[in-house]
Amino acid sequence: MSPKSLDLAEIDKVVAKWNAAKKREQEAHKEIEACKTQIEAAMMKTGTDVLTTSQFEVTKRTQSREGVSKKDVPAGIWEQYCKTSTFVVLACKELKGGKAPASPSKASPKAKAKGKAKAKPTKK
């Protein structure tokens with residue numbers, strides 16, 4: 001085999017492995033989204049932004065993103081054309097030592113205070 005030739009059979013094996021991994025990733029993504037939907041529905045039903053179990057704590061907050069780099073455009077154009085997208089973020093962390101669950105009424109004000117953070121205003 002010359003240095004410039006490829007072992008296509010070996011490349012085919014690697015691509016097949018990559019393709020299989022992409023399929024597993026897609027299935028895992030579907031499962032993750034289904035779980036997040038169930039958790040968010042439970043949070044909406046109880047009116048809380050924090051759910052704590054004996055093993056996990058899930059927090060819900062809203063984030064915003066703006067789409068154009070401010071340094072790349074004049075301020076007037078930024079103010080005229082910037083767009084803000086707002087979306088919900090759920091964060092899950094494993095608790096060490098089996099922390100007792102907090103009641104929704106105690107957890108909600110703390111989480112809502114965090115959720116009220118606003119994007120920085122644009123400079124004029």
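This is a predicted model: local features need pLDDT of at least 70, side-chain atom pairs count only at pLDDT 80 or more; totals for chains, interfaces and linings use all residues.
Before we go on, here is how to read the values. Residues are numbered from 1 along each chain as its sequence is written, and side-chain values use heavy atoms, with hydrogens and water left out. Local features need pLDDT of at least 70 and side-chain atom pairs count only at pLDDT 80 or more, while totals for chains, interfaces and linings use all residues.

## Helix H1

Helices (H or I, at least four residues) and strands (E, at least two) are DSSP runs, numbered from the N terminus. Helix H1 covers residues 8-46, which makes 39 residues. From its first C-alpha to its last, H1 reaches 57 Å, close to the expected 57 Å (the expected span is 1.5 Å times one less than the number of residues). Just after H1 comes glycine 47, with a positive phi of about 70°.

## Salt bridges along the helix

How many salt bridges does the structure hold? There are three, each being a side-chain nitrogen of Lys or Arg within 4 Å of a carboxyl oxygen of Asp or Glu. Side chains of opposite charge can pair when their charged atoms come close.

One of the bridges joins glutamate 27 and lysine 30, whose closest N and O atoms are 3.5 Å apart. Another joins glutamate 33 and lysine 36, at 3.6 Å from N to O. Glutamate 27 and lysine 30 are three residues apart in H1, so about one helical turn separates them; glutamate 33 and lysine 36 are also three residues apart in H1. An α-helix has 3.6 residues a turn, so residues three or four places apart point the same way.

Lysine 30 is exposed at 54% relative accessibility, whereas lysine 36 is partly exposed at 34% (buried means under 20% relative accessible area, exposed over 50%, partly exposed in between, with a 1.4 Å probe and protein chains only).

Glutamate 40 forms a salt bridge with lysine 60, with 3.5 Å between the closest N and O atoms. This pair links distant parts of the chain, 20 residues apart: glutamate 40 belongs to helix H1 and lysine 60 to strand E2 (residues 56-66).
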